Structure formats: structure tokens, C-alpha cells
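Hi everyone, thanks for coming. Please take a look at the model on the screen, and then I'll walk you through its sheets.

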Amino acid sequence: MALTVSVPLLISQQFDSEVVLANYQNGVYYNLDGSAAQIWLGLKANRTVEEIGGAIAAATGDDVPSITQRVQAFVDSMLAEGLIAEGTPEPRIETWTPVLSGAFVAPEFQRFDNLRELLLMDPVHDAGEEGWPLRETQEKVDQKVDER
Amino acid sequence: MKASDLIRQEIARVFAKTISQPVEAHARCGPFGLRLGFASQDLSGMFLPAYIRSTPSTIDLDLRFITAADHDLSALVPEAAEKPRLLIEDGIYSVWQPAVIPVLFAVDLAAKRGIAWLPNGEAPPWIRSRPAISLIHALMHDTPWCAVHGAAVGNDTGFTLLAGEGHSGKTTAALACTKAGWLYAGDDFVAVDSETGRIEPLFCSARLRPALVDTFQSFIGDTTAVSDFNGEPRHELSLARLGDRIGGGKLRATFIPRRRGAAVPEFTPAKQSDAFRALLPTTAYELPGWPNEIAAKVAKVAGLAPVFFADTGTAPMEIPAAFARQLERL
């Protein structure tokens, strides 16, 4: 299954070893740190779960099958949360390696959903993709313009 | 006819119909010079107090405030008018905000002409305090400038950007510093150059909660309006009489106010990502369009200066000295 980190209405920003994801559709923010950020960055570099698991295991000195299993579980949870999607992967970045120190810590994302109230108050961002449908038919608009 | 063509045509028609307006003024808004035209005294009374008046200079946007009684722009109201809309097409940026009290903002970016159309002749209080900010956002597209949700005040050491959600204490801290003689750049939205860290005020308004009225009584004038929306009363301040003390400067630090029970102001180092999360949500949701560009600019702003959580304590007038000490330490 090919995976992409390019998800519509999901903004991502990397800050050193952290990744912040903002879902503009539902107002939920996510913080990925440590191994969670490295897994997301691995996917962004177009690595498979197995490649990410192997690279993290090499960096932390843990055994590959165990790490790969946990990477797979985290990828599944990101898929379920809509932080990644099935689709055309990003271009491969050959220089990618995970930046981790010390023992492997299970990946998890922090979820911030205190913005729902804001979304309800200011609904401009609910403005779908159908553009700006005019209320009047073209003939009526033209007729109105001609009358002026 | 495409929607953008119709909007462009109607903007031109608004400007052709009346060369001059009953009330006209010049203002500076971030890095831009505005010429403002109001179709009535009522409209100028509603919006002009929020603007930083200036002498006529470069006009980056000629902006007209009009109602349905002045111009019938109902043809521009999109289908399913109860839904908000955003259009960015062929040099036209337009926002339809139907919630509570409907307002239509549109700008022809090539002609540098914009309209704020109020079908009912009125606007929600938060729109009156930062009029047509979405159009300023559109002017900032493809520039390093960004309107960010935050307060900003400065002294000789530099400016601090106060980032955080509503009720976090931004207004309290900004007004306390202003009362202590600092420069005031805004309590809600300010303009920041994401490359240089230059901060400029967008408006000279501030929205004061009843609990703070006693502390900041000196900012309340005889004509200060009190709005009450959803049971949340606010004194709608115009700080225009601060004169030259409404101004900008270089960002020195970003503070994220929060109330954690400290008796006196306390600072805790924070990360660039904390500033990003504090700045982006309201910035992005209040300014429709170009979300990736906004996020990239806000990320840059978040990385321009050291970031601290600031527990602002229980005595507002202790904030200025604490902020000054913290800025001097950097």
C-alpha cells in the first residue's frame, strides 16, 4: 500500500525534531515528537514501513521485527486519524535517516482539539471547493447589467 | 460570466457611481496605506475608530464601506447564501461571511480597489474592531508580511509578540504595557514581516472585558461603545489618542501568556513549535485563503525570536516591569 503525507486540508510544519500537523477541516492539531516524528518524516521521504523500522532499529539498537511491528501500528493509527493517506508517495529523499538518541520510545501523537469552538464561530473555512456559485442565471445577470 | 468577472465589474461600478464619499480618510494598516470611503456617517462611526489615521500617502488599497441602501450587490451573494464562501480567482479575492450579520468583502488586487458591503447596514463587533482584515490578508499574499493573531507591544529593547487563544491574557498584558508607556501595535491582530521580524500595527482598536474596566479606565472614553454579543460584553476601545505611541518595531521575543496561578509574572522557555501552535489556529481561521502560505509564514515568525510561556500573574500592572526585565535578559 503506497502512502502519502500530502493530505488535503492538512498542513505540516517541521521544527527541528518535531512535526506539527494542523487539520484545517476539523480544527484538530497534532504534535509528533521523537520516534513519531521520525516515522512521519520517513514516510515523507518515501520509505516503506520495513525500511523505517530497519533504520530506527539501527539507530536505537533494538531488534528489527519488534520495531517494525510498532512502526506498522503507528502508521495504522495515523491512517485512521487521517494524518497520512493512501496515495502517490512523495519523491524519495535518499539522504533520510532517523534522528534519534537513546532507547526506542513508543511513537504517539499529541492531539489538540480545543479549536472546535473557534471553527464553529468562524465558518468561512467551511467554504467548500465548489467556488462561488452565482445566485442568478447568466441571462438574468446580463439583463440586469444591460438595464443599468 | 465568471464570478470573478462579475465581482470585478461590480467593484468598478461602486467606484464609478460615486467619485467621493460622505466621509473619507487615510489610514495606515500594517505596511499598507489605505484610502477609506464611507457611504454614511453611521458607517464611518462604526469602522473608522479602529483605523490608524494618517496623512495621504501611497494608496495600496482604496476601500469603500457601503450598504444595500447605497449599492445593490445582491447579485454577488452566492447561491446557498447561508454558507460562507471564499473566491480567489483572476486577481479577485472575495469572502462572503453570512454568519450572525452578513458581510461581503471583495478586492480587485490589480485595481487596488476593495469593498466592504453590509447588506443590513451593520456588522458584528469583532469585524468592527478589525475591519476588512481579510482584504489586508489578500494584499499580503506573495509578500513576506503576514497578519498574525496576537498582541504586540514594545519598548526600547524591542517588541514582544503575545500569542495565544482568546482569554489567555493577551489584551491584559498589552494594555498594561501600553498604560506603562510602551508602544502599542495591537491586541488582536498585528502585521509581522516573516523575514525581518518587523512588526507594524494594523488597527488601533482593543476589546476590553468588564473585569478589566477598572484597571484600564483611562483608555475608556466618553464615546466608547459597549458591545454585547452572545452575552460577552466588551468595551470597544479606540486607542487613536495614543498618537505616536501606536507603532511598530523589531520582534525581540514571543511570549505565550497563560494563567497557571503564579502570583507574579513568571517565564518558562518554550519551543518554536509552541509559538507556531499558539499563533496559527486563529490566524488561519480568521484569514481565509492560502493556508499553506499562512502556515509557512507563521512558522517563520515563530522562529524569529526566543519563545517563552508567560504566566502573567494576578496583578496586571506588574506585567510591564516583568516583560521589560525578560526582554533585557535576551
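This is a predicted model: local features need pLDDT of at least 70, side-chain atom pairs count only at pLDDT 80 or more; totals for chains, interfaces and linings use all residues.

Residues are numbered from 1 along each chain as its sequence is written, chains are lettered from A and ligands numbered from 1 in the order in which they are written, and side-chain values use heavy atoms, leaving out hydrogens and water.

Strands (E, at least two residues) and helices (H or I, at least four) are DSSP runs numbered from the N terminus, and two strands pair if DSSP finds at least two bridges between them.

Now to chain B. Its open sheet has eight strands, ordered β3-β1-β2-β4-β8-β7-β6-β5, with mixed pairing. At the edges sit β3 (52–53) and β5 (85–89) of chain B, each pairing on one side only.

How many of the residues of β4(B) are buried? Seven of seven, for the strand spanning residues 61–67 of chain B. In a regular strand the side chains alternate between the two faces of the sheet. Here B:L61, B:L63, B:F65 and B:T67 are buried on one side, and B:D62, B:R64 and B:I66 are buried on the other.

What about the neighbours? β2(B), residues 32–38, runs parallel to β4(B) and is joined to it by five bridges. Within that pairing, B:L36 partners B:L63, and B:F38 stands opposite B:F65. β8(B), residues 113–118, is also parallel to β4(B), with six bridges; there B:W117 faces B:I66.

Helix α1 of chain B, residues 3–17, lies across β4, β5, β6, β7 and β8 of chain B, at about 90° to β8(B). Contact here means heavy atoms within 4.5 Å. Axes are lines fitted to C-alpha atoms, for helices over the stretch in contact, and angles run from 0 to 180 degrees between N-to-C directions.

Over to chain A, which has an open sheet of four strands, β2-β3-β4-β6, with antiparallel pairing. The edge strands are β2 (10–15) and β6 (109–112) of chain A, and the twist averages 20° from one strand to the next. Six bridges link β2(A) with β3(A), residues 18–23, and A:L10 stands opposite A:N23. Finally, helix α1 of chain A, residues 34–44, lies across β2, β3 and β4 of chain A, at about 70° to β3(A).

Technical notes: Buried means under 20% relative accessible area, exposed over 50%, partly exposed in between (1.4 Å probe, protein chains only).
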